Amino acid sequence: MDLVLSAEQELLQQTAREFVAGRSSLKRVRSLRDGSDPDGFSRALWTEMARLGWLGIILPVEHDGLGLGYMDLMVVMEELGRGLMPEPMLSTVLLGANALLLGGSAEQQKEHLAPIAAGEQLLALAHQEPRSRHAVHHVETRAAPAGGGWILRGEKVHVLDGHVADRLIVSARTSGAPHDVEGITLFLVRPDAPGVRVTRQTRLDGQNAALVRLEDTPADRHTVLGEVDRGGAPLTRVTDRATAALTAEMLGSMTATFDMTIDYLKTRVQFGVPIGSFQALKHRAARMYAELELARSAVMHAHRTIDEGRDDAAVARAVSVAKARTSDAFMLIANEGVQMHGGIGMTDEHDIGLFLKRARAAEQTFGDAAHHRNRVAQLDGY
Amino acid sequence: MVADTFREETRRWLVANAPAAVYAPPRTADELCWGGKKTRYPDDVKRWLDVMAERGWTAPTWPREYGGGGLSAAEAKILAEEIAKLRLRPPLTGFGLSMIGPLLLHEGSEELKQAHLPPIVRGEIRWCQGYSEPGAGSDLAGLQTKAVRDGDDFVVNGQKIWTSYGDKADWMFILVRTDFEEAKHGGITFLLMDMETPGVTPRPIRLISGASPFCEVFLSDVRVPVRNVVGRVNGGWRLAKALLGHERTMIADAFKERDDARRLVDMARRYVGEADGRVADPVIRDRIAQVEMDQACLDLTLARARDGAKAGHRPGPESSIFKLYGTELNQRRRSLMVEILGPQALGWEGPGFEDEELKVTRDWLRSRGNSIEGGTSEIQLNIIAKRVLGLPD
């Protein structure tokens, strides 16, 4: 598969770009951040995105999806990132629907996937814990056997869109030690089940996350996704796919940051000339451009690798290369963006700060650059 | 399928005709066959050149009428893939094949094509590039080497510098100033010059690495026939720039075909040690991963540019990032190797140091030039800022 967009993908990209520019705005993103909206995103827009088919791009046709690939999803994610859209694509589609698709039973898929594609159901993956940092297999939440089922007890943090989720997918330990890949089981939990406490978190980037406490929450065997003790491998497959999609979103966000900064260099006048005529800034802008292009290649390659049906290790490697690259590149471009904007870049009024905050949040989501370099070294056997 | 037949036949022919000695890929540029009259190559290398040249496969896509292979792009790709699969070394390399040949194909007169392309294909003539001068480095268009018309000749006086393999080349493509009245870029002419012409004196320059791959070339009343002008008189700058873009992609590509990818890791295991199967020093380990992952991203970006070209996108000034990033990445790689070797990288020659260790040190020193030659990193950044980003002067 070539590293080039097809005519159909270019068309999809154009549609998405026009949609984001026409139906969303950074003003809307700000008002969601500053207001007291209980959702933190727009359900009306979410329904429109469902009608455009975007929620089902990677879902099979039999579950009302489009049955397309990650390269197709990538162009939409990039445009959503350009507009810093807070709608729950990552949580519901990439994490939630994927967990069902890659780990769930036929009945579970039948029950949830079509409503997800239609925009009628929201999902969240509760995998991160106070002490897990970037390790998805670090699970201390316990699932203790009880009368043919389990009792869940533990604490989850940074559960993306957990405050609006109709179902939570919870990783819990049914056996083994906190770091083991084996012994993890995935449970589909209703947020209104006994002992579940969901508390919305307020994060620097204004995007939505929640704390989820499980205090003796009962779970029967119908709520298990996949096999007991065998949830570790599908969990990685799910987070790798979500990470790929996040890198596409980051690519869009950093492109917007870069474009905004280049515009400013061309229009801001000091010493009687546009500041973009100064070589000290030109060279840094050119280096940012190189970083952006390299990031784009890595992001495309990660999505292509998934579409080609390569094995888990190949996908993991491609995704880690892309996440390390986009984490570093987005931080560089956002930091430089603020610096080149000067004083105005430090004000809340200017949009560049929204992108700096998003860069930091995205960097710390699904592992930062150092985490992914470590992972590549491990995959490559050193 | 036709393509499968071609692949099958190609492979069979390669296996039947490649001498055993050319199955190992060369470790350095000096081990490649550059052709020319001034260098003697081992018999097998020469034989490999001759059999490939006879089929035109040293220049697979050039038209048959100029000695080339006349292959389509798809066939040439198959040939390259089969050569790579068999780990055969290229039969011929050099600036004739990669620079002046393609330029002549597009811009040369029929007479120049007939005269110069077939000897390039056969590896008979080795070319060098006469661009930089002592006073014209980054500011190449400021060149002062003068060519004055005298009958059917130009008489050339001046000095070139940083001429790669100037002492081993048979011909030079050279930029000269034919009009001092015109604006700086307007008075430049692109000439082809026989290095045997009286008045041409190449002198190797010793570098900090100890090697001498570059020359100064002194030019004193050198007579070059007017028929050796490529394009038109005073119209050389456009051609020079076209070639520079080509050179930059070539330089980046050269860094892609690097040593065995495991080399950094193997060196680290030996010199830094191992703990639980990992490189023992976590900082070194992280830096190896960084270099290898950056390399992966550069390779992917080169592949993306090629895929884009195949899909009909025109290559633009963004290729400057290949030169910029490829050279600086190679410098980081070479420097990391030295750091992995530690004190064993301090050798220059003699006892106490393995050949491989001495080579690491000299390769590191040589690599410092990567971000200078072929347009400095700063010039590449200027090009990106101006031509890609549209930042004001």
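Author: Happy to! In domain 1 of chain A, 19 residues are in contact with 14 residues of domain 2 of chain A, where contact means that C-beta atoms, placed from the backbone, lie within 7 Å. This is a predicted model, in which local features need pLDDT of at least 70, side-chain atom pairs count only at pLDDT 80 or more, and totals for chains, interfaces and linings use all residues. Residues are numbered from 1 along each chain as its sequence is written, while chains are lettered from A and ligands numbered from 1 in the order in which they are written.

Reader: Where do the domains of chain A run?

Author: Chain A is divided into domain 1 (7-121), domain 2 (124-229) and domain 3 (233-379), with bounds from an automatic or database domain assignment. The C-alpha centres of domain 1 and domain 2 of chain A lie 23 Å apart.

Reader: New topic: how many residues does each chain bring to the contact between A and B?

Author: Chain B brings 32 residues and chain A brings 30 residues. On the chain B side, α8(B) gives the most, with 14 residues. By class, that side of chain B has 20 nonpolar, 4 polar and 8 charged residues.

Reader: Which residues touch the most other members in the largest nonpolar core?

Author: A:I169 and A:F187 do, in a core of 147 residues. Such a core is a set of buried Ala, Val, Leu, Ile, Met, Phe, Trp, Tyr and Cys residues joined through C-beta atoms within 7 Å. Helix α7 (residues 232-267) of chain A gives the most to this core, with 15 residues.

Reader: What does A:I169 touch?

Author: Not counting residues up to four places away in sequence, its contacts include A:G96, A:L123, A:L186 and A:L225.

Reader: Is A:D161 buried or exposed?

Author: A:D161 is buried, with 27 other C-beta atoms within 10 Å. Buried means 20 or more such atoms within 10 Å, exposed means 12 or fewer, and partly exposed is in between, with C-beta atoms placed from the backbone. A:D161 is in the loop between β3 (149-160) and β4 (167-173) of chain A, and its phi is near 55 degrees, a positive value in a residue other than glycine.

Reader: What about phi for B:N234?

Author: B:N234 has a positive phi of about 70 degrees, although it is not a glycine. Most residues other than glycine have a negative phi. B:N234 lies in the loop between β8 (229-230) and α6 (236-256) of chain B, and counts as partly exposed with 16 C-beta neighbours inside 10 Å.

Reader: Last one: how many residues of α1(B) are buried?

Author: Of its 16 residues, the number buried is 0, so α1(B) lies largely in the open.

Terms used:
Two residues are in contact if their C-beta atoms, placed from the backbone, lie within 7 Å. Helices (H or I, at least four residues) and strands (E, at least two) are DSSP runs, numbered from the N terminus. Ala, Val, Leu, Ile, Met, Phe, Trp, Tyr, Cys and Pro count as nonpolar, Asp, Glu, Lys and Arg as charged, and the others, Gly among them, as polar.
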